[in-house]
Amino acid sequence: MGYGIKPSARGRGLATKQLELALEKAKELGIERALITCDRTNVASRQVILNNGGVADTPFMEESGKVVERFWIELKG
């Protein structure tokens, strides 16, 4: 899943809501668990994921050397 908010609209909780709605749709489609990733340096995106119940998993390093954090969100129930 991906989400993005233009710079002039940031800081209003829109990304948190956007991800929440995407997760609701995924649940409707029968998806029970979602993997969400973000660059380690993207503190705002990390917070959006945590706000939606993200549980940290093992990060990985891309060939470029960039560290990507991984989070799982359970959609069952």
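**Entry 1: the end of α1**

I started at Gly30, which follows α1 and has a positive phi, near 90°. I keep in mind throughout that this is a predicted model.

Next I checked the length of helix α1 itself. The helix takes in residues 14-28, 15 residues in all, and at 1.5 Å a residue it should span 21 Å. I found its end C-alpha atoms 21 Å apart, which agrees.

**Entry 2: the buried side of α1**

Which residues of α1 are buried? I listed Ala15, Thr16, Leu19, Leu23 and Ala26. They cover an arc of only 100° around the axis, so they sit on the same side of α1. A reminder to myself: an α-helix has 3.6 residues a turn, so residues three or four places apart point the same way.

What do these buried residues pack against? I noted three partners: β1 (33-39), α2 (43-51) and β4 (67-74).

**Entry 3: Leu75**

I then moved to Leu75, in the segment after β4. Is Leu75 buried or exposed? Its relative accessible area is 8%, and because buried means under 20%, Leu75 counts as buried.

I looked up its contacts, leaving aside neighbours within four places in sequence. Leu75 touches Leu23, Ala26 and Lys27, and also Ile31, Glu32, Arg33 and Ala34. Ala34 is 41 residues from Leu75 along the chain, yet I read 7.3 Å between their C-alpha atoms.

**Entry 4: Asp39**

Asp39 belongs to strand β1. With 28% relative accessibility, I put Asp39 down as partly exposed, because that class lies between the 20% and 50% cut-offs.

Which residues does Asp39 touch, not counting those up to four places away in sequence? I wrote down Lys66, Val67 and Val68. I also checked Glu62, 23 residues from Asp39 along the chain: the C-alpha atoms of the two are separated by 10 Å.

**Entry 5: the largest pocket**

I finished with the largest pocket, which holds about 300 Å³ of space. It is lined by 17 residues, and those closest to its centre are Ile5, Arg10, Ala15, Ala44 and Val48.

Which element gives the largest share of the lining? I found that α2 does, with five residues. Both α1 and α2 supply at least two residues each. Sorting the lining by class, I got seven nonpolar, eight polar and two charged residues.

Conventions
Residues are numbered from 1 along each chain as its sequence is written. This is a predicted model: local features need pLDDT of at least 70, side-chain atom pairs count only at pLDDT 80 or more; totals for chains, interfaces and linings use all residues. Side-chain values use heavy atoms; hydrogens and water are left out. Helices (H or I, at least four residues) and strands (E, at least two) are DSSP runs, numbered from the N terminus. The expected span of a helix is 1.5 Å times one less than its number of residues. Buried means under 20% relative accessible area, exposed over 50%, partly exposed in between (1.4 Å probe, protein chains only). The arc is that of the directions from the helix axis to the C-beta atoms. Contact means heavy atoms within 4.5 Å. On a 1 Å grid over the protein atoms alone, a cavity is a set of points where a 1.4 Å probe fits but cannot get out, and a pocket is an open set with protein on both sides within 12 Å along at least five of seven lines; lining residues have an atom within 4 Å of a point. Grid points are joined across faces, edges and corners, and a volume is the space filled by probe spheres set on the points. Ala, Val, Leu, Ile, Met, Phe, Trp, Tyr, Cys and Pro count as nonpolar, Asp, Glu, Lys and Arg as charged, and the others, Gly among them, as polar.
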